[in-house]
Amino acid sequence: MNSVHYEALEGILGATRISEKADDLQIYGKDWTRSTPKPSAVVFPKTTDEVSKIMKYCHKNKIKVVPSGGRTGLAGAANASHEELVISLEKMDRIINIDPINMSIRAEAGAITESLHKAAKDQGLFYPVDLAAKGSCQLGGNIATNAGGLKLIRYGGTREQVLGLEVVLADGTVLDLNYDLRKNNIGYDLKHLFIGSEGTLGIVTQATMKLATLPKELRLTCMACPDFESVTKLLGLVNLRGIHPTAFEFFTQECLDLVLKHQKHRINPFQEKSPIYTLLEFEKQPEGSLDPMEPFLEEAFERGLISDAVIATNSTEFQNLWGFRENISESVAIEGNVRKNDISLPISSLPAFINEMEVVLKKIQGVQMFLFGHIGDGNLHLNYVGDFKQDYTEFRAVTRATEEEVFKLVQKYRGSISAEHGIGVLKKADLHFCLAPEGLELQKRIKRAFDPDNLLNPGKIFDL
Ligand SMILES: Cc1cc2nc3c(=O)[nH]c(=O)nc-3n(C[C@H](O)[C@H](O)[C@H](O)COP(=O)(O)OP(=O)(O)OC[C@H]3O[C@@H](n4cnc5c(N)ncnc54)[C@H](O)[C@@H]3O)c2cc1C
């Protein structure tokens with residue numbers, strides 16, 4: 001970085017909270033995706049005032065910035081490859097308060113998601129945004145990506161939890177939005193614009209999030225299903241029988257085999273192989289009422305929707321079953337070159353969509369497919385995995401044609417090419433499959449209104 005800028009930022013933060021060390025540039029210049037990090041420097045503010053001062057300086061000097069959270073993003077949205085200044089929020093990780101009357105938790109943006117879970121639990125409450133990256137991702141990153149996760153079916157995603165938001169704009173202005181109110185009709189709800197904006201409209205510095213009551217004991221079953229139609233019918237049965245799932249997830253036999261291959265300690269509770277497995281989790285019924293688990297499974301067997309089922313009877317079995325679902329992404333990353341698709345469809349269209357998609361996927365050669373996801377939300381993760389020995393560009397060329405065909409199907413069924421991971425840089429070229437040109441132009445106009453100099457995370461979501 002230019003020495004004048006370096007010294008000015010050092011003046012705001014002190015010598016220890018700005019870095020140009022090669023290691024730091026590598027680490028903080030990228031997320032989970034493949035990319036070549038090339039930031040100019042990394043800064044580590046500790047307060048909103050510091051973030052504001054940094055942005056005022058960057059605004060005056062037209063310095064481009066990339067806000068950085070836990071860097072677990074899967075769309076390249078936190079990548080800094082063009083000499084941007086990375087603003088890491090990791091030193092702003094305080095839990096500010098927990099309010100059992102308002103049922104809310106306020107924290108700084110750099111608080112790790114799992115620390116919100118822990119802080120809420122210590123007070124006998126529950127923070128419901130739950131994802132496999134929870135040990136590394138941050139509240140600000142979750143808000144900027146509108147993270148979904150495992151419990152969305154019951155509690156909603158990140159957007160549904162945000163009660164109040166503090167953001168720093170491109171010119172350093174601090175906005176304090178919604179004052180943690182449950183009801184507030186004062187025109188456009190600005191906080192929603194920042195949620196899911198991938199750091200392109202402002203830097204989240206604090207937020208107040210809704211809490212829920214701590215779930216009573218959870219019941220968990222993993223069911224073997226013959227096909228996708230059965231999985232969606234199973235979800236219908238769950239709804240009809242009045243079961244309120246806290247999670248309804250799925251993964252294929254290939255995913256189960258992959259996790260077992262890379263995690264030797266896991267125990268496969270199934271004797272026979274099955275095309276698909278569905279995890280259903282729900283809260284235990286109040287004392288005295290009938291546990292719906294056995295009658296539900298019996299009915300599902302009778303209707304031919306499942307061929308086998310295991311019920312977790314203790315915490316070890318509970319973790320073992322969840323482990324099959326939660327460790328797919330990590331196992332896939334060890335297996336080879338990965339291209340991730342994160343699509344969502346109207347839930348009722350899933351069987352028809354998947355039938356057509358399977359025809360498309362059969363055409364691809366030399367690439368393994370892993371299909372899993374939050375099927376209760378209509379969200380499928382389709383991971384293409386190639387051999388590490390194969391050159392990545394070649395691997396992408398092979399997968400690209402199939403990917404485009406899949407996206408055309410997504411468009412046909414009125415789905416989305418990004419259910420929860422965001423657009424970042426990786427999916428910019430595919431935005432047109434689910435957003436009309438008029439919609440994209442409006443998004444660009446909003447960006448220009450907030451950040452006319454295109455300083456905040458430029459080149460993410462779309463190019464201006
Ligand atoms: C194993 C694994 C499992 C995952 N499972 C899920 C899942 O189930 N559901 C899901 O939705 N995602 C999932 N993800 C993706 C990822 O964890 C989420 O997108 C997460 O919300 C990113 O948070 P982060 O703090 O790591 O953000 P980063 O990756 O650091 O950044 C993501 C984006 O947010 C911006 N940003 C970060 N902090 C701020 C801030 N304070 N203010 C403004 N902008 C900011 C960045 O500029 C970037 O655009 C998974 C990832 C992994 C690796």
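In the predicted model, residues C255, L258, V259 and H262 of helix α10 meet I328, S331, V332, I334 and E335 of helix α13; two residues are in contact if their C-beta atoms, placed from the backbone, lie within 7 Å. Helices (H or I, at least four residues) and strands (E, at least two) are DSSP runs, numbered from the N terminus. The residues of this contact comprise six nonpolar, two polar and one charged. Ala, Val, Leu, Ile, Met, Phe, Trp, Tyr, Cys and Pro count as nonpolar, Asp, Glu, Lys and Arg as charged, and the others, Gly among them, as polar. Helix α10 (residues 253–262) packs against helix α13 (residues 328–335) at an angle of about 70 degrees, and their axes are 9 Å apart. Axes are lines fitted to C-alpha atoms, for helices over the stretch in contact, and angles run from 0 to 180 degrees between N-to-C directions. The angle makes α10 roughly perpendicular to α13, a term that covers 65 to 115 degrees.

Residues are numbered from 1 along each chain as its sequence is written. Local features need pLDDT of at least 70 in this predicted model, side-chain atom pairs count only at pLDDT 80 or more, and totals for chains, interfaces and linings use all residues.

The protein chain is divided into domain 1 (3–88), domain 2 (95–213), domain 3 (218–328) and domain 4 (336–437), with bounds that come from an automatic or database domain assignment. The C-alpha centres of domain 1 and domain 2 are separated by 22 Å, and their contact takes 15 residues from domain 1 and 20 residues from domain 2. On the domain 1 side, α3 (48–61) and β3 (65–68) each supply at least two residues. The largest share of that side, seven residues, comes from α3.

The ligand is surrounded by 38 residues, of which the closest are G69, G73, G140, G141 and G199; a residue is near a molecule if its C-beta atom, placed from the backbone, lies within 6 Å of it. Domain 1 and domain 2 each contribute at least three residues to this shell. Its largest share, five residues, comes from α5.

Residue T145 is found in helix α5. T145 is buried, with 29 other C-beta atoms within 10 Å, where burial requires 20 or more such atoms. Not counting residues up to four places away in sequence, T145 touches G73, A77, G196, E198, H421 and G422.

How values were computed: Parallel < 35°, antiparallel > 145°, perpendicular 65-115°, else oblique. Buried ≥ 20, exposed ≤ 12 C-beta atoms within 10 Å, placed from the backbone.
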